[in-house]
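Here's a quick tour of a protein fold, written for someone just getting started. Have the picture open while you read, and follow along one topic at a time.

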Amino acid sequence: MAKTTYYTPDMSGSEAIRNLIKKKYRVSTITFGVISLILLILAVVGMIIDNWVMFVVCMIFLLPFLVPFIIFLMKYLHPAKRAMKKNPQLMQQADQLFREMNFQNDIVLSSPKYFALKSDLTKVTAKDEVLQLYKRVVNTNYGTSYYLVIETVRGTVQVLYPRAFDQAVDEAVMAVGPGCPYARLGFGDENTKYVEYMRTMWQETQKAKRGSY
């Protein structure tokens, strides 16, 4: 069984998101930072000992490591900034999700109003925006891949999961699905047409709201 994380009620959603993002960028930040520092020190040494070839070479190699270091450092210091541009209410939704959480397994966290996939907590989804839930199996020459597909009014979320989590995905769908008032379970032409229709209606409603301001 693949490893997963279980969250305790005393942890807030915003805290969990920040911790996950920092963990994601920690190794890259340290790696590029250390290499950049070593190259900078060698460049200074080259300048001190009047070895300008050494100085120039180090400075040439410094930039490709320094730029990623700065980028990763900013992402580490300001976790969730990018995610909050896409969803300004992310932290409030995540906190409410964790505060009212009534189900979690290897795949999903769920509350009466929201749910989030553990593979990416930054995508908190309102249950009343879900239109369809189903599992998708893709067979190729390289093997079989398993996906959980979630269709919402905003778009499609497709998550690759290990075969060992197949039962956990079934549990997640059965736990989340009944709480989604507009969701249909399973794949089929009728459900696909339903998703397209509902998504179009939602988009038109959003345009009308923006036009009324």
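Predicted model: local features only at pLDDT ≥ 70, side-chain atom pairs only at ≥ 80, totals over all residues.

Two strands count as paired if DSSP finds at least two bridges between them.

**The 7-6-5-8 sheet**

- This open sheet is built from four strands in the order 7-6-5-8, and its pairing is mixed.
- Strand 7 and strand 8 (184-185) are the edge strands, each with a single partner strand, so one side of each has no neighbour in the sheet.
- Strand 5 (residues 130-140) and strand 6 run antiparallel and are joined by 10 bridges.
- Getting from strand 5 to strand 6 takes a hairpin of two residues.
- Look for threonine 152, which stands opposite glycine 155 in strand 7.
- Why is strand 6 described as largely enclosed by the rest of the structure? Seven of its 10 residues are buried, so the rest of the structure largely encloses strand 6.
- Here's some background on what holds such sheets together: strands pair through backbone hydrogen bonds, either parallel or antiparallel.

**Helices across that sheet**

- Helix 5 lies across strand 5, strand 6, strand 7 and strand 8, and runs at about 165 degrees to strand 5.
- Helix 6 (residues 189-211) lies across strand 5, strand 6, strand 7 and strand 8 too, but runs at about 130 degrees to strand 5.

**The cavity**

- A handy idea first: rolling a probe the size of a water molecule over the atoms shows where empty space is left.
- How many cavities of 30 Å³ or more turn up? The count comes to one.
- The largest cavity holds about 50 Å³ of space.
- Its lining consists of Val108, Phe115, Leu117, Leu133, Leu148, Ile150, Ala172, Val173 and Val176.
- Sort that lining by class and you get nine nonpolar residues, no polar ones and no charged ones.
- Strand 3 (114-117), strand 6 (143-152) and helix 5 (166-176) each supply at least two of the lining residues.
- Which element gives the most to the lining of the largest cavity? That's helix 5, with three residues.

- Strand 3 and strand 4 are antiparallel and share two bridges.
- Tyrosine 114 sits opposite alanine 126 in strand 4.
- Is helix 4 mostly covered or mostly uncovered? It's mostly covered, with seven of its 10 residues buried.
- The buried residues of helix 4 are Leu90, Met91, Gln93, Ala94, Gln96, Leu97 and Phe98.
- Their cover includes helix 1 (13-48), helix 3 (81-86), strand 2 and strand 3.

- Proline 178 is in the loop between helix 5 and strand 8.
- Is proline 178 buried or exposed? Its relative accessibility is 65%, and exposed means over 50%, so proline 178 counts as exposed.
- Proline 178 and lysine 127 are 51 residues apart along the chain, and their C-alpha atoms are separated by 9.5 Å.
- Valine 56 belongs to helix 2 (residues 52-77).
- With a relative accessible area of 41%, valine 56 is partly exposed.
- Valine 56 and alanine 126 are 70 residues apart in sequence, and in space they are 54 Å apart, C-alpha to C-alpha.

How values were computed:
Residues numbered from 1 in each chain as written. Heavy atoms only, no water. 1 Å grid on protein atoms, 1.4 Å probe; cavity = no way out; pocket = protein on both sides within 12 Å on 5 of 7 lines; lining within 4 Å. Points joined across faces, edges and corners; volume = space filled by probe spheres on them. Nonpolar A, V, L, I, M, F, W, Y, C, P; charged D, E, K, R; others polar. Buried < 20%, exposed > 50% of the residue type's maximum accessible area, 1.4 Å probe, protein only. Contact = heavy atoms within 4.5 Å. Axes fitted to C-alpha atoms, helices over the stretch in contact; angles between N-to-C directions.
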